[in-house]
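Colleague: Please take a close look at the interface between the two chains. Then go on to whatever else can be said about the parts behind it.

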Amino acid sequence: MVKLKKISFKRDNTNSMKNLKFKKQKKELTINQKINRRNFISFSAFFALSSAAAVGWKWLYNSPQESTGVTAGAHKPLRRALNKTELFFRNFYSNNHLVKTYSKDRAAKNIRVNSDIGIDDEGFNVETWRLEIKKNNGQVVRLTIDDIKALPKTELIFDFKCVEGWDQIQHWAGVKFIDLIGHFKLEDQITMPYVGMETPNGEYYVGLDTESALHPQTILAYEMNDKPISNVHGAPLRLIIPVKYGIKNLKRIGTISFSDKRPKDYWAERGYDYYSGL
Amino acid sequence: MKVIKEKHSFLMRWTHWVNFPILTIMIWSGMLIYWANDAYNITIFGFTFIAFFPEWFYKFLNIPHHLAEGMAFHFLFMWFFTINGILYVFYTLFSGQWKELMPKKNSFKEAWLVLLHDLHIRRTLPPQNKYNAAQRIAYTAIIFMGFGSVVTGLAIYKPVQFYWLCWLCGGYNFARILHFTLTMGYVFFFMIHIFQVLMAGWNNFRSVISGFELVEQQPLITPEKQPGSNSPADGKIEEN
């Protein structure tokens, strides 16, 4: 554009008076034409771009659903964007970033119950419950709640955050996931990038990146407000993972497994982000 | 006679019109998210004036039960919103346009006179350049609001990884309230903005699309006086 301008300057300067007079006359005629010309160009561009934006939006809004796999329920391009965005923000993740903790008196007396998916079966018996840790060589470690309680207890009073938007300061206690790994010599398992957890009836399940599972504040909780966890909160053992939204905090853990691929995840199959990290 | 007077640069117009649909999508997807836990209202002395939002409003806009979709859209368009905002701010800083935009010492006093004028209480406007005092305040404030939305949004999005940001925003809950309030601010801004644009008329509106305004020029500099040299309008046409 600048170049064009220079050229036109030159031409003006070198033109003869005759030419200039002619040009001047033309200019006076074109003031309105200039206005019209600029209006025409800019408004055409404006409407063309607006239409393109509208078409683009329509395309995105009606874009096909992703094929059902580990994740489902989202538009294909939006799922792509969710994954890419999470990958970007995972660059800022660190197990040194601890969740803020609170004093006991700040903790809610009535812990909010938001869902009973996976723990609503009538016949469930806490006495016969065992935690099954499935090693990749096919071995299964079966633990009773007492095996788990024998490990060092970690208390955590933190602000539990639900994907819906509410949050509540809650008091939980249990064994750190990383302590459990160390005690039962599962170090070879956590070289795999993902951990999967499921309820005993298999109706609720979460997939976690191993890094987040090993966060020093990730606990398998068996107490809330200094008492054993109630049934609606996932007795006898549930996951508390403060670096994730509540949807990842699986109640009543039945099995734990390790994987190279992303394990299935209940809410990721329903349009939510797989990572759901905070 | 009428003369073309340049008003809004291409980049200003571009970012303005790009921002419009993006912000609309951000507010809409934000509502899809907010619906899942619509806890906010204005209650004074136990009396609730407004509950955000009434049921008919949700139904009218088809808001309920789209939380996952809302998050997916919100976390995609946040990029465009931020990039577009950064583009505008950098352009404004480096082009020197900020001098026309930022409130001056007397702007706050003058803005009052502008308000009185707009309300037809005062007849004259204080002298102004591109923007009057009230516009300077409003258009600068909206940029800070945009910045605030990005910062509070980030604080809510990753409250653990960006714990310091969350702390700066007054904690998770307060950051959410700020994020919500800023959005209400945009809606309020939008309504005033539309009203003012309608009042200002076509010449003003066109300038945000075509970039120029038409002004009546006194015959002080007639085209005859400057043959040979380029008329101002001429050079400027080629810039665009």
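Modeller: In this model, 50 residues of chain B are in contact with 53 residues of chain A, contact meaning heavy atoms within 4.5 Å. The model is a predicted one: local features need pLDDT of at least 70 and side-chain atom pairs count only at pLDDT 80 or more, while totals for chains, interfaces and linings use all residues. Residues are numbered from 1 along each chain as its sequence is written, chains are lettered from A and ligands numbered from 1 in the order in which they are written, and side-chain values use heavy atoms, with hydrogens and water left out.

The size of an interface is often given as the accessible area lost when the parts come together. Between chain B and chain A the buried area is about 4700 Å², and carbon and sulfur atoms give 66% of it; this is the accessible area (1.4 Å probe) that two parts lose on being put together, summed over both.

Two salt bridges are counted between chain B and chain A, a salt bridge being a side-chain nitrogen of Lys or Arg within 4 Å of a carboxyl oxygen of Asp or Glu. B:Glu6 forms a salt bridge with A:Arg38, with 2.7 Å between the closest N and O atoms. Across the interface of chain B and chain A, 12 residue pairs are in polar contact, both residues being at pLDDT 80 or more. A polar contact is a pair of N or O atoms within 3.5 Å; within protein, one must be able to donate a hydrogen and the other to accept it, and residues adjacent in sequence count only if both atoms are side-chain atoms.

Several elements of chain B each supply at least two residues of the side that touches chain A, among them β1 (2-6), α1 (10-35), α6 (133-157) and α8 (171-200). Helices (H or I, at least four residues) and strands (E, at least two) are DSSP runs, numbered from the N terminus. The most is given by α3(B), with 11 residues.

B:His66 lies in the loop between α2 (55-60) and α3 of chain B. At 22% relative accessibility B:His66 is partly exposed, where buried means under 20% relative accessible area, exposed over 50% and partly exposed in between (1.4 Å probe, protein chains only). The side chain of B:His66 reaches the backbone oxygen of B:Ile63 at 3.4 Å. B:His66 and B:Leu32 are 34 residues apart along the chain, and their C-alpha atoms are separated by 5.6 Å.

In chain A, five strands form an open sheet of mixed pairing, in the order β2-β1-β10-β5-β6; two strands pair if DSSP finds at least two bridges between them. At the edges stand β2 (140-143) and β6 (205-209) of chain A, each with a single partner strand, so one side of each is left without a neighbour in the sheet. Strand β1 (residues 131-134) of chain A runs parallel to β10 (residues 255-259) of chain A, joined by three bridges. Strand β5 (residues 194-198) of chain A pairs with β10(A) in the antiparallel sense over five bridges. Opposite A:Thr255 in β10(A) stand A:Glu132 and A:Glu198. Four of the five residues of β10(A) are buried.
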